[in-house]
Every structure is written in C-alpha cells, then in structure tokens.
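Please examine the sequence and structure shown here before reading the report.

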Amino acid sequence: MDGRAGCLRHADGWGWYVYPCRDRTPGLYVRLADRWIVGGYENSIGRTSVYAGRTWTMVEVLDGRVALDVALGAVTGYDRASVEPMVAASVRVALGERVALRLLPIPRIPRRTETAAVHVAVEVRL
C-alpha cells in the first residue's frame, strides 16, 4: 500500500470515514490435522482479530505441491458486528516436506475498503 490508501470505518452512527490502513498485520494460526483452523492477528484497522473455521482443499496440482484451499469460519475485531463471517481462498505452495508458502488475495470490498492486499504466510508443520 502507499501512504494514500485508506480503509473505511464506521464512526458510531456518524457515517463512514477514511483513515490509513495498517500494511503489516502480524499474526499466528494453527491448522489441525482435521482441517480446523484457529488464529489471531493485528488487523488493518489496528485491532486484534481472532478467528476459527475449517478449510477444504479444492484443487491440487504438481503432486499436491500446489493447492487451492477455501476456508469458512468467523472472525472478530471489525466494525459491523462483534463476530463476522469469514470466507477466504488461498494458494499453498510446498517449499519442502514441512514448509509451505500460503498466498491469500484480499480484494477491495466496495463501501468497506479502498484497497486490496495479499496476505503472505509461511506454514511450518510441527
């Protein structure tokens, strides 16, 4: 993001206003063997978000080294509700037997954000 990008945020009944988005949102998550996920991160509006859900692998190619996954769940830390639905599609690229890179595109949401982003995660199998 550049310094001009912004997020829209609800202002306690006074409408929406634009403010700078955080471009680094560190976090940690765990994915269990049965595909349940739970995690937390510092979100783009400067709040702590926690989430839980489940993932499904939709497509695998190159002997399973590249996969398209979809996650469904719930997340906290945003303005519309204390808990909101979460839907995320991501690509996992295996870098070795225990390490993978995950890329998750975050599209611009009309009337909610002015920016798009890409979430990058390094996964380590314990």
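Predicted model: local features only at pLDDT ≥ 70, side-chain atom pairs only at ≥ 80, totals over all residues.

Ser-49 belongs to strand S5, which spans residues 48-61. Its relative accessible area is 0%, under the 20% limit, so Ser-49 counts as buried. A polar atom of the Ser-49 side chain lies 2.7 Å from the backbone oxygen of Thr-76. Thr-76 is also among the residues that Ser-49 touches, as are Gly-39, Tyr-41 and Val-75.

## Nonpolar core

In soluble globular proteins, nonpolar side chains tend to be buried together. Here, the largest nonpolar core has 5 residues: Ile-37, Tyr-51, Ala-71, Val-75 and Met-86. The contacts of Tyr-51 include Ile-37, Val-75 and Met-86, and also Tyr-29 and Ala-74.

## Salt bridges

The structure contains 4 salt bridges. One of them pairs Arg-92 with Glu-60, with an N to O distance of 3.7 Å. Arg-92 is in strand S7 (residues 83-94) and Glu-60 in strand S5, so this pair ties together parts 32 residues apart in sequence. Arg-92 is buried at 12% relative accessible area, whereas Glu-60 is partly exposed at 48%.

Arg-102 forms a salt bridge with Asp-69, their closest N and O atoms lying 3.0 Å apart. Because Arg-102 lies in strand S8 (residues 99-106) and Asp-69 in strand S6 (residues 66-76), the pair connects parts 33 residues apart in sequence. Both residues, Arg-102 and Asp-69, are buried. Arg-102 also forms a salt bridge with Glu-123, at 2.5 Å between the closest N and O atoms. Glu-123 is in strand S9 (residues 117-124), 21 residues from Arg-102. Through shared partners, salt bridges join Arg-31, Asp-69, Arg-102 and Glu-123 into one network.

Notes: Residues numbered from 1 in each chain as written. Heavy atoms only, no water. Helix = DSSP H or I, 4+ residues; strand = E, 2+ residues; numbered from the N terminus. Buried < 20%, exposed > 50% of the residue type's maximum accessible area, 1.4 Å probe, protein only. Polar contact = N/O pair within 3.5 Å; in protein donor to acceptor, adjacent residues only side chain to side chain. Contact = heavy atoms within 4.5 Å. Core = buried A, V, L, I, M, F, W, Y, C linked by side-chain atoms within 4.5 Å. Salt bridge = Lys/Arg side-chain N within 4 Å of Asp/Glu carboxyl O. Lists of a residue's contacts leave out its neighbours within four places in sequence.
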